[in-house]
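Thanks for coming, everyone; I would like to walk you through a few local features of one protein. Please have the sequence and the structure in view while I talk.

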Amino acid sequence: MPRAYTPSVTRSPAPAAPSSAALSPRDRSVIALLLISAFVVILNETILSVALPPIMDDLDLAETTAQWLTTGFMLTMAVVIPITGFLMGRFSTRQVFAIAMTTFTAGTLICAVSPAFLPLLLGRIVQASGTAIMMPLLMTTVMNLVPPSRHGQVMGNISIVISVAPALGPTLSGLILSFAPWRFLFVLVLPIAVAALLIGLRRIENVSEADPKPADALSVLLSAVGFGPLVYGLTGISGGGHGGAAEAPSGPPVAALVALAVGVVALALFVLRQLRLQRRERALLDLRTFASRNFAVAVGLMVVMMGSMFGVVVLLPIFLQRVLELSTLSVGLMMLPGGLAMGLLAPFVGRLFDRVGPRPLLVPGLAAVVVGIGIMSRVPEQAWLIVVGHVVMSLGLAFVFTPLMTTAMGSLPRRLYPHGSAIVGTVQQVAGAAGAALMVSVMARVAAGTTAGGATELAGISAGTSAAFTISAALGLLTVAIALFIRRNPADAGDRPVEAGPAEPEETVAPA
């Protein structure tokens with residue numbers, strides 16, 4: 001007989017959502033501080049995107065070496081995010097916040113004073129460790145504090161952070177680099193991070209209390225050996241694509257293929273280990289989240305959507321800088337309207353979600369994403385058409401992010417929120433790496449074939465980018481079909497928090 005599923009996180013009386021839709025001043029303060037802190041750490045994630053050339057020149061680095069500043073960040077995120085579910089159960093809210101922001105601040109300081117590449121890489125890895133913890137902490141805290149009838153509205157505010165901060169990163173980076181050295185990217189972020197840390201430590205109150213449950217060492221090891229090499233293999237399997245995109249690809253690098261195989265095997269062992277441990281409430285990442293139909297469908301939709309979107313995000317700057325010969329500042333400014341439009345629309349979408357549910361928003365939103373990518377797939381020489389396509393895609397994403405995340409998390413019992421947010425974050429990293437690898441590979445191979453036929457290298461890059469965007473739009477059509485299977489969670493129509501009984505159907509997920 002399966003034993004009853006007892007909560008893995010010991011909660012204080014505070015997190016129980018009130019019957020009224022109004023939030024207490026304490027809850028509003030906690031959410032606001034977490035939103036500000038998350039904005040800072042996510043802004044940092046993209047602020048280096050246009051700074052690699054100055055760093056390469058200053059530190060005398062090859063392009064393949066400098067790319068590790070972004071690859072290392074992504075790998076660290078992939079390794080740390082899966083264990084955030086355990087961290088949020090093992091430590092209290094204030095302790096997890098302190099770990100995240102202290103780590104991020106320390107990494108920022110290391111980057112600001114780095115005299116060479118290796119200290120800079122170490123700083124980026126430390127930064128990524130803090131960043132990986134912050135978003136799951138924010139999502140879990142919001143789901144615990146906010147009544148289900150207002151989940152959409154508050155998650156809309158989170159979508160502002162997710163959309164505007166990455167959009168501002170390249171723009172701010174271009175502005176700063178136009179008058180200051182690259183180290184000022186970190187010097188300017190450092191005092192903001194310190195202020196957020198100090199104010200948060202002073203004012204954030206515990207939403208959950210620590211549960212002294214030890215981590216399973218083998219699960220931690222399998223998670224690191226699984227997700228890290230998996231993302232590395234996915235990012236490296238295209239064989240490059242950043243510089244000589246039009247050169248004939250020689251096939252996936254052996255190291256990337258080996259890393260991919262190691263990651264897949266370790267990840268399979270990790271899953272088997274979690275299925276065994278979750279019967280004793282010791283899983284590092286509880287997979288009973290997938291017993292929820294809405295959660296499983298939403299995660300599947302995220303895989304396809306993030307893969308499609310990241311391909312566009314990676315290739316569009318290459319096209320704009322190499323083919324249209326635009327400056328990094330111009331590229332950053334071109335990406336800004338879409339990000340701002342997404343952020344401004346997010347609160348409205350959140351309130352609309354609370355009234356109509358996910359499907360009426362997801363289907364037209366995903367259709368708009370397909371149209372936007374379709375416009376950009378024509379890779380017009382008029383830059384304003386690229387901006388139009390990017391804005392249309394961003395407006396569509398505004399109707400996707402909030403309903404998708406809210407539906408996925410709202411379909412879970414409260415005790416599984418930390419694990420659900422960790423799974424969502426992990427899926428975004430892995431799917432993004434896979435999508436970027438696929439699109440870069442398509443672009444490189446089409447570009448090589450075009451130049452082999454006598455076209456110029458720039459014409460090859462243009463043709464390759466068009467082909468990759470066309471595939472991305474086709475994947476977007478698949479997401480529209482998947483969205484038809486998303487249903488509204490019953491609890492989203494009322495104020496009562498999502499809870500589950502002592503014995504749930506989720507238990508059947510664990511092997512006998």
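This is a predicted model: local features need pLDDT of at least 70, side-chain atom pairs count only at pLDDT 80 or more; totals for chains, interfaces and linings use all residues.

Glu-325 counts as exposed, at 62% relative accessibility, where exposed means over 50% relative accessible area, buried means under 20%, and partly exposed is in between, with a 1.4 Å probe and protein chains only. Residues are numbered from 1 along each chain as its sequence is written, and side-chain values use heavy atoms, with hydrogens and water left out.

Glu-325 sits in the loop between helix H12 (293-322) and helix H13 (328-356), helices here being DSSP runs of H or I with at least four residues, numbered from the N terminus. Its phi is positive, near 55 degrees, in a residue other than glycine. Most residues other than glycine have a negative phi. Asp-60, also not a glycine, has a positive phi of about 55 degrees; Asp-60 lies in the loop between helix H2 (52-59) and helix H3 (63-66), and is exposed, with a relative accessible area of 72%.

Now to a residue in a helix: is Thr-84 buried or exposed? Thr-84, which belongs to helix H5 (residues 84-90), counts as buried because its relative accessibility is 1%. Leaving aside neighbours within four places in sequence, Thr-84 is in contact, meaning heavy atoms within 4.5 Å, with Ala-132, Ile-133, Pro-136 and Ala-422.

Lastly, Val-225 lies in helix H10 and is partly exposed, with a relative accessible area of 32%.

Terms used: Helices (H or I, at least four residues) and strands (E, at least two) are DSSP runs, numbered from the N terminus.
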